[in-house]
Amino acid sequence: MGVYLFKRLMLAVPTLLGASVIIFLLIHIAPGDPVRVMLGPMDDPALRAKLVRQLGLDLPLHEQYLRWLGKALQGDLGISVTIQRGSPVLELLTQRYAITLELAFLSIIVALLIAVPAGITSALRQNRLSDHVSRIVAMVGVSVPNFFLGIMLILIIGVFLHQAWATGGFVPLKTSVRENLIRMLLPAVALGTAYSALLMRMLRSSMLDVMSQDYVRTARAMGIGWPSIIRQDVVKNALIPVTTVFGNSIGYLLGGSIVTETIFRLPGVGRLIIIGVDRRDYPVIQGIVLTIVLIRIVVNLSVDILYSVIDPRIRYGAEGE
Amino acid sequence: MSTPDVAVHPSDVITPTVKKHRGLLEEVWHNFRKNRLSLTGGVIVVMAIIIAVFAPLLAPYNPVEQFSAPLGQHHPLPPLSRSEEGTLFLLGSDKFGRDILSRAFYGCRTLLQLATGSITIAFALGVLMGGVAGYRKGSWVDELIMRIVDIMLSFPSLVLAIALVGAFGIGRTQIGPFSLSNMFKIAIVIAITYSPAFARVMRGVVLQETAEDYVDAAKMSGGSGWQILAGEIFVNTIPPLIVQASLNMATTVLTSASLSFLGLGLQPPRPSLGIMLNEARDYLFGGAWWYALVPGTFILLIILGFNLLGDGLRDSLDPRQARRTRL
């Protein structure tokens, strides 16, 4: 186990470092002088000198990077230039991540609530009508852009059915848990639907795979009834490969939340990165992208480790290399 | 092949041999045709391409021409209503009195242009990276390229695309002596985010192919690395790459439309399905359902078409895998 853990970590660290180089360079691949771009019409010598010093733009490139990375490792992601002048980026991010992560979490729940029953039913009724219908629905579900789905939900439930809660906006958890969850429902559905279709497809093919295994046939031959085989063996084993998609799902959900938050007017990280791009607030953009990549790599790593605990073959395979 | 010694009735032998001699394309078409869903996908894609190519002929009006609303009414007008000038808005008008159907046709054109451009660049980049990495397996070049691929894949594609647009800025961009049009710049940004996926597939296929006898034969007859890679191996990597391209077309269309929707992609007045959907948000509460429904349905159908087509192609090219993955 130790060896496997070490190997996985050794792969994750250089990836994260490489990503940090790209994120650091974002400010430098910008055509023209980044300071002028950021300050725009507010460009005056004193402010300019301060910003150059703050970002360390007067140092050689590699020193700039090391300084930036060193600060980032200590949790200092720099200071917002245009969005909230002078506020630390980390402070801006923490309040907003609470919203984005809540949205991602609720989307996963929505996705599981749809995908698990649909996937199991579809696999058990392979090639029957309900299987065909759910497969077609899943294909449409994978293909529907979350912004289109979100707008249609607002239009149908909010406008035609006159439900005020369905029109977007955010209520903090502290103010009212109930109101918060009600307002989060449609965004979670908009974001979770495509994901649920993906999960359902995975679960279905994984179930069919398990059901054709020898041990299932043996269990059948021993006279054990289908329902208890399904419950005890098939579903459990079929869910193992499905856990691997969880690792990638967080990246998908964080990316998707950018669009969903825009539609439903949720003040999360996704909304912030759009404002950041619009106002050229490079430290904010860099901070968001860095944290998203960090979250994604950490989640991926945890899923891999969890997977190797559930399924020891993975671990031995890697150690035997 | 030698005939078996035992006397066999001719029909037993001939029928299977005739079946086996179907060419690759015929085989693929035969498998593909049986799958009704993928056929539907193919039809949708072909129709979208026809609309995109012939948009100037098919669109009833100029997509940027503004018509006046009849007295006492205001834009956006619902489907089947007429403007002051008497022109018919088949699928309604937008906030400026432009015909939504015409704009959707032209939007389909720009979306497919952008997605095809991005996929082509991503394909070229990915094939080059993956081909070299696979052929030089285990060398430092392989290690370096695959590290870069891993790093790129650690970014969610939409996040990377947005960050790059953020760095380059919105609109026409001057890079050194080159002035990039906004569309070309976005195509490159999207291509960068999708090339690693192609590189991975390409490397895998090249690894598989280099183990084959024909590569050894080419080596022994004195072919250079590049000759073998470009002349012999590449041909055999095309089928899996096409599947990858078709499936990636779906996600590329989604990324392109998302960027436009967020205001970071194509810029008005260029007709774009993503921008139309974004504009429609301001008119939802006025009940202008057609404003959002028309462009959204176009995007949905294009993505669905490429997904179905990609799935079908994968199954037809690799029937063994099909049983496991077919949906």
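This is a predicted model: local features need pLDDT of at least 70, side-chain atom pairs count only at pLDDT 80 or more; totals for chains, interfaces and linings use all residues.
## The contact between chains A and B

Chain A brings 44 residues to the contact, and chain B brings 44 residues as well. On the side of chain A that touches chain B, at least two residues come from each of helix H1 (2-29), helix H6 (129-143), helix H7 (146-160), helix H8 (177-211), helix H10 (226-264), helix H11 (269-279) and helix H12 (282-310) of chain A. Sorted by class, this side of chain A holds 32 nonpolar, eight polar and four charged residues.

Chain B is built with 13 helices and four strands, and 47% of its 327 residues count as buried. Among the contacts in chain B with a separation of 6 or more, 70% are between residues 24 or more positions apart.

The largest nonpolar core has 170 residues, and Cys108(B), Ile162(B) and Val253(B) are those with the most contacts inside it. Helix H5 (residues 100-135) of chain B gives the most to this core, contributing 18 residues. When neighbours within four places in sequence are left aside, Cys108(B) is in contact with Ala48(B), Ile51(B), Ala52(B), Ala55(B), Leu273(B) and Phe298(B).

## Asn31 of chain B

Asn31(B) belongs to helix H2 (residues 24-34) of chain B. Asn31(B) counts as partly exposed because 18 other C-beta atoms lie within 10 Å, whereas a buried residue would need 20 or more. Although Asn31(B) and Asp315(B) are 284 residues apart in sequence, their C-alpha atoms are 7.8 Å apart in space.

Conventions
Residues are numbered from 1 along each chain as its sequence is written. Chains are lettered from A and ligands numbered from 1 in the order in which they are written. Two residues are in contact if their C-beta atoms, placed from the backbone, lie within 7 Å. Ala, Val, Leu, Ile, Met, Phe, Trp, Tyr, Cys and Pro count as nonpolar, Asp, Glu, Lys and Arg as charged, and the others, Gly among them, as polar. A residue is buried if 20 or more other C-beta atoms lie within 10 Å of its own, exposed if 12 or fewer, and partly exposed in between; C-beta atoms are placed from the backbone. A nonpolar core is a set of buried Ala, Val, Leu, Ile, Met, Phe, Trp, Tyr and Cys residues joined through C-beta atoms within 7 Å.
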